[in-house]
Amino acid sequence: MITTKITVAHSDIASFLSKFQDIPRFLAYCKQCQNYNAKWSCPELTVNPKTYLNDYSEIYLIGLKIIYDEETKKEINTKEKIIDFTTKLLRKMKNQLSDCLLEVEKEIPNSVSFSSGGCAWCCKCTRPSGNPCRKPEKMRYSLDSFGIDLSRVTEEFLNIKLLWGLDELPDYHTLIHAIVVKKDTDCELLMQKLNAIKINAIQLNKSLK
């Protein structure tokens, strides 16, 4: 049985960006990704990555750890199976968490969420064809696209070590989402809502095997 664990941490924007943002370095990595200029959530952005986050005062990071049981690790035991299984599972998990944060946005004024990696709402993004986003109400930028060092954020800020692997399924995978808020936000209420988020991986696991 696959299980999940959510970790929430927060910081003021200025401190967070001074420690974890390096736009030239990480946008150079983005240029090597197949999503570069191919998804509306990814660079080059329609907003300025240097100034966009300056309009907000606090950032809340949500780490979703997807923990694999031994039975799943034994069954998903080749590179091809791992790629297929994790691509499908992580997409569903990412969208499930994104939906939760979109609901939080509705209840917390002046807040906006960020996704883990490129947007996954559509099978094929309209950006390469020059057409507008099909789901602008759901599309959210990735944290990567603002030059955020997600490896350091995950390990130093959320105390989660990132695991990778194509030869064998690792013990877990981690998705990093975020939500930022402006001044005068009821941060206690926001934290309550974030800590109340529950992501169920059991049914997704069964449907993908």
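**View A. Contacts of Thr-154.** Leaving aside neighbours within four places in sequence, Thr-154 is in contact with Asn-159, Ile-160, Leu-162, Thr-174 and Ile-176 (contact: heavy atoms within 4.5 Å). Thr-154 lies in helix 5, residues 150–157 (helices are DSSP runs of H or I, at least four residues; strands are runs of E, at least two; both are numbered from the N terminus). Thr-154 is buried, with a relative accessible area of 1% (buried: under 20% relative accessible area, 1.4 Å probe, protein chains only). The model is predicted: local features need pLDDT of at least 70, side-chain atom pairs count only at pLDDT 80 or more, and totals for chains, interfaces and linings use all residues. Residues are numbered from 1 along each chain as its sequence is written, and side-chain values use heavy atoms, with hydrogens and water left out.

**View B. The largest nonpolar core.** This core has 29 residues (a nonpolar core is a set of buried Ala, Val, Leu, Ile, Met, Phe, Trp, Tyr and Cys residues joined through side-chain atoms within 4.5 Å). Phe-16, Leu-61, Phe-114, Leu-143, Phe-146, Ile-148 and Val-180 touch the most other members. At least two residues of the core come from each of helix 1 (13–20), strand 2 (58–67), strand 3 (111–114), helix 5 and strand 4 (172–181). A second, separate core of 26 residues includes Val-8, Tyr-68, Leu-175 and Leu-190.

**View C. Phe-16 against Phe-157.** The ring centres of Phe-16 and Phe-157 are 5.8 Å apart and the planes meet at 70°, so the pair is edge-to-face (rings of Phe, Tyr and Trp, its six-membered ring, pair if their centres lie within 6.5 Å; planes over 60 degrees apart count as edge-to-face). Phe-16 sits in helix 1 and Phe-157 in helix 5, so the pair ties together parts 141 residues apart in sequence. Phe-16 is buried, at 1% relative accessible area. Phe-157 is also buried, at 18%.

**View D. Tyr-52 and Tyr-141.** These two form an edge-to-face aromatic pair, 6.1 Å centre to centre with 85° between the planes. Tyr-52 lies in the loop between helix 2 (23–30) and strand 2, and Tyr-141 in the loop between strand 3 and helix 5, so the pair ties together parts 89 residues apart in sequence. Both tyrosines are buried. Tyr-52, Tyr-56, Phe-114, Tyr-141 and Phe-146 form one aromatic cluster.

**View E. Lysines over rings.** The charged end of Lys-138 sits over the ring of Trp-121, 4.2 Å from its centre (a charge sits over a ring if NZ of Lys or CZ of Arg is within 6 Å of the ring centre and within 35 degrees of the ring normal). Lys-182 lies over the face of Tyr-56, at 5.5 Å from the ring centre.

Notes: Buried means under 20% relative accessible area, exposed over 50%, partly exposed in between (1.4 Å probe, protein chains only). Rings of Phe, Tyr and Trp (its six-membered ring) pair if their centres lie within 6.5 Å; planes under 30 degrees apart count as stacked, over 60 as edge-to-face and the rest as tilted.
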